[in-house]
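The following exercises concern the structure shown below. Each task is followed by a solution worked in steps.

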Amino acid sequence: MSRRVWIFVLAAPVVAAAALLISGGRSVTASAGQAPASSAEVKIDNFSFGPTTLTVAPGTTVTWTNRDDIPHTVVSDDKVFKSKVLDTDEKFSFTFTKPGTYGYFCSIHPKMTGKVVVQ
Amino acid sequence: MTTKVKDEILHDHNHDGIDRRGFLKCMAWAGTGALCVMQGGVLKSYGLSRLSDLGGRAPAAGELSFAQISDSHMGFNKPANPDVAGTLKAAVDKINGLSTAPEFLLHTGDISHLSKPEEFDTVDQILKATGKEVFFVPGEHDVLNDDGAQFRERYGKGAKGAGWYSFEKKGVHFIGLVNVMNLKAGGLGTLGREQLEWLEDDVKHLKHSTPLVVFAHIPLWTVYPDWGWGTDDSAQALAYLKKFGSVTVLNGHIHQTMQKVEGTVTFHTAASTAFPQPEPGKAPSPGPMKVPAEQLRSVLGITDVNYVRGQQALAVVDSSLA
């Protein structure tokens, strides 16, 4: 393999790893020639969403994981997205393509609210 | 508590021999398994172990006895209680052992934990052992994924809207309300306009001397708004009940017993048969509270309610599963 191609192939996983560190996401796939997908996480625990406000770039997939010992849901205030019931360790993902502020709450425990800001 | 205590009547507003101070004092004892009985104009308390002092009462004509259970959360299996079926069975044993047999049961919701058919089936199976009719209202855990369609199919035959209804037993009017549907972000429980209009109409023609028992899952008074423990439009509901001489409100949801008396309305919440929750503000969140295994049954319980015709206030007694 020529050196140029070698560096290119090496660069892609490095960029992917950097994206991983920045976004804290887990599901990152990168192959030579492709820009890495970005992802972000919200942890549900103790009747709250953490972080309560999450700011991401358009195209980010946000994954909510329920770490609480009681089920919760993730329901958009404006009907943009809605999870099924998430028991402990279950997840829900949604990819935000349009910029905007997306408020959401748990429909079982409506005092639990959160926000995803896409910009 | 096994000693007899006499209380002096200071202000007898309802002319039934119980004043607010005496009633509240009695209700505080109820958490330890005491029975408060009006006899000869004097409020007496008896430990549950000395119920034979009351003459092993069988219900007389004009007397009504029923039991309330709540928050069975069938399907829950985390450390706070890995065997909710076992503790529900213990509650059934407690009910079957009451000296005055209840005529029927009220279940104030969160029957299931995840609205799964097998969870409802298991509760139905276990409650069959009481041999009693059970009247249900849903909790938020019972209406997941399908807007309550399954709940209504199982327990809401003849009910209106999201599952509200009323019925009469021995001259006492029972009203089952649903305050767990269409919850809004940041909100509390809610009854909604359709249900409130139905309620106004339902009680319109009742004599004001008719005792009312209103049962719903989330408390109909504001216990702790930060944790969603309240109903945003319950004041409107209570306004329709203002003229009645005896209103008993029975709720669940908070997994601990709590009572409040406001004029002619007595509010009471039941313990869960599954797991306890912390007292308002005593923990970062209202989730399942772990206690040492040998203490679990002492923080779970049932509620026994007795009404004697002619007396204003219903006797509401909690007993734990210990």
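Chain A has 1 helix and 8 strands, where helices (H or I, at least four residues) and strands (E, at least two) are DSSP runs numbered from the N terminus. The model is predicted: local features need pLDDT of at least 70, side-chain atom pairs count only at pLDDT 80 or more, and totals for chains, interfaces and linings use all residues. Residues are numbered from 1 along each chain as its sequence is written, while chains are lettered from A and ligands numbered from 1 in the order in which they are written.

**Exercise 1. Describe the make-up of the two chains and their contact.**

Step 1. Read along the sequence, the pattern of chain A is α-β-β-β-β-β-β-β-β. Chain B has 6 helices and 13 strands.

Step 2. A residue is buried if 20 or more other C-beta atoms lie within 10 Å of its own, exposed if 12 or fewer, and partly exposed in between, with C-beta atoms placed from the backbone. By this criterion, 27% of the 119 residues of chain A count as buried; for the 322 residues of chain B, the value is 46%.

Step 3. Two residues are in contact if their C-beta atoms, placed from the backbone, lie within 7 Å. Among contacts between residues at least 6 apart in sequence, those joining residues at least 24 apart make up 38% in chain A and 67% in chain B.

Step 4. Between the chains, 18 residues of chain B are in contact with 18 residues of chain A. The side of chain B that touches chain A has 8 nonpolar, 6 polar and 4 charged residues. Here Ala, Val, Leu, Ile, Met, Phe, Trp, Tyr, Cys and Pro count as nonpolar, Asp, Glu, Lys and Arg as charged, and the others, Gly among them, as polar.

**Exercise 2. Identify the nonpolar cores.**

Step 1. A nonpolar core is a set of buried Ala, Val, Leu, Ile, Met, Phe, Trp, Tyr and Cys residues joined through C-beta atoms within 7 Å. The largest has 65 residues, and Ala91(B) and Val214(B) are among those that touch the most other members.

Step 2. H2(B) supplies the largest share of this core, 7 residues.

Step 3. Apart from this core lies another of 16 residues, including Val74(A), Phe96(A), Tyr104(A) and Ile108(A). Tyr104(A) is the bridge partner of Ser76(A).

**Exercise 3. Examine the backbone exceptions.**

Step 1. Most residues other than glycine have a negative phi, and most peptide bonds are trans.

Step 2. Which peptide bond is cis, with omega near 0°? The bond is that from Gly50(A) to Pro51(A). Pro51(A) lies in the loop between strand E2 (48-50) and strand E3 (53-56) of chain A.

Step 3. Asn46(A), although not a glycine, has a positive phi of about 50°. With 16 other C-beta atoms within 10 Å, Asn46(A) is partly exposed.

Step 4. His73(B), also not a glycine, has a positive phi of about 40°. Its place is the loop between E3 and H2 of chain B. Is His73(B) buried or exposed? His73(B) has 29 other C-beta atoms within 10 Å and is therefore buried.

Notes:
Two strands pair if DSSP finds at least two bridges between them.
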